[in-house]
Amino acid sequence: MIRIKCPYCGERDHSEFTYGGDASIQYPSLDGTEKEWVEAIFFRKNIFGKQLETWHHANGCRMWLEVERSTTTHEIYSVKPCHPEMKKVLEKKDPNDL
Ligand SMILES: [Zn+2]
């Protein structure tokens with residue numbers, strides 16, 4: 001069982017989340033070549049060990065998260081919002097200020 005500590009909701013079962021994919025992929029620019037796009041979309045590494053992933057808290061706050069997880073042990077090393085501005089929102093002390 002994987003438990004993910006959402007920065008907004010706290011620790012939750014992974015069944016509340018949907019897997020979004022490898023977060024380390026660098027997509028080409030919109031005017032990139034077909035070969036660059038094919039490689040970015042279809043040719044993925046099969047990482048053995050620590051991997052950066054995106055997860056969507058679909059049955060919670062609906063935030064997209066960047067999770068560093070081991071593909072072999074499922075240990076989670078870090079969780080943070082994908083959007084850098086969310087960190088500022090989460091640091092506010094009064095949740096009514098949201
Ligand atoms: Zn959440």
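Select Met63 and show its surroundings: leaving out residues up to four places away in sequence, Met63 touches Cys6, Tyr8, His57, Pro81 and Met86. Contact here means C-beta atoms, placed from the backbone, within 7 Å of each other. The model is predicted; local features need pLDDT of at least 70, side-chain atom pairs count only at pLDDT 80 or more, and totals for chains, interfaces and linings use all residues. Residues are numbered from 1 along each chain as its sequence is written.

A residue is buried if 20 or more other C-beta atoms lie within 10 Å of its own, exposed if 12 or fewer, and partly exposed in between, with C-beta atoms placed from the backbone. Buried residues make up 7% of the 98 residues in the chain.

Now zoom out to the whole chain. The C-alpha trace spans about 50 × 35 × 20 Å along its principal axes. Colour by secondary structure to find two helices and six strands, which follow the order β-β-β-α-β-β-β-α from the N terminus. Helices (H or I, at least four residues) and strands (E, at least two) are DSSP runs, numbered from the N terminus. Of the contacts with a separation of 6 or more, 50% are between residues 24 or more positions apart.

Two strands count as paired if DSSP finds at least two bridges between them.

Start at Asp22, whose bridge partner in strand 4 is Glu53; strand 3 (residues 18–22) and strand 4 (residues 50–56) are joined by four bridges. Glu53 in turn stands opposite Val67 in strand 5, and seven bridges join strand 4 to strand 5 (residues 64–70).

Stop at Val79. Is Val79 buried or partly exposed? Val79 counts as partly exposed because it has 16 C-beta neighbours inside 10 Å. Beyond four places in sequence, Val79 is in contact with Ile4, Lys5, Pro7, Leu65 and Val67.

Strand 1 (residues 3–6) runs antiparallel to strand 2 (residues 10–13), with four bridges between them. A hairpin of three residues joins the two strands, and Cys6 stands opposite Gly10.

Finish with two loop residues. Arg62, in the loop between strand 4 and strand 5, has a positive phi near 70° although it is not glycine. Arg62 counts as exposed because it has 9 C-beta neighbours inside 10 Å. His74 sits in the loop between strand 5 and strand 6, and its phi is near 65°, again positive in a residue other than glycine. With 11 C-beta neighbours inside 10 Å, His74 also counts as exposed.

Note on methods
Two residues are in contact if their C-beta atoms, placed from the backbone, lie within 7 Å.
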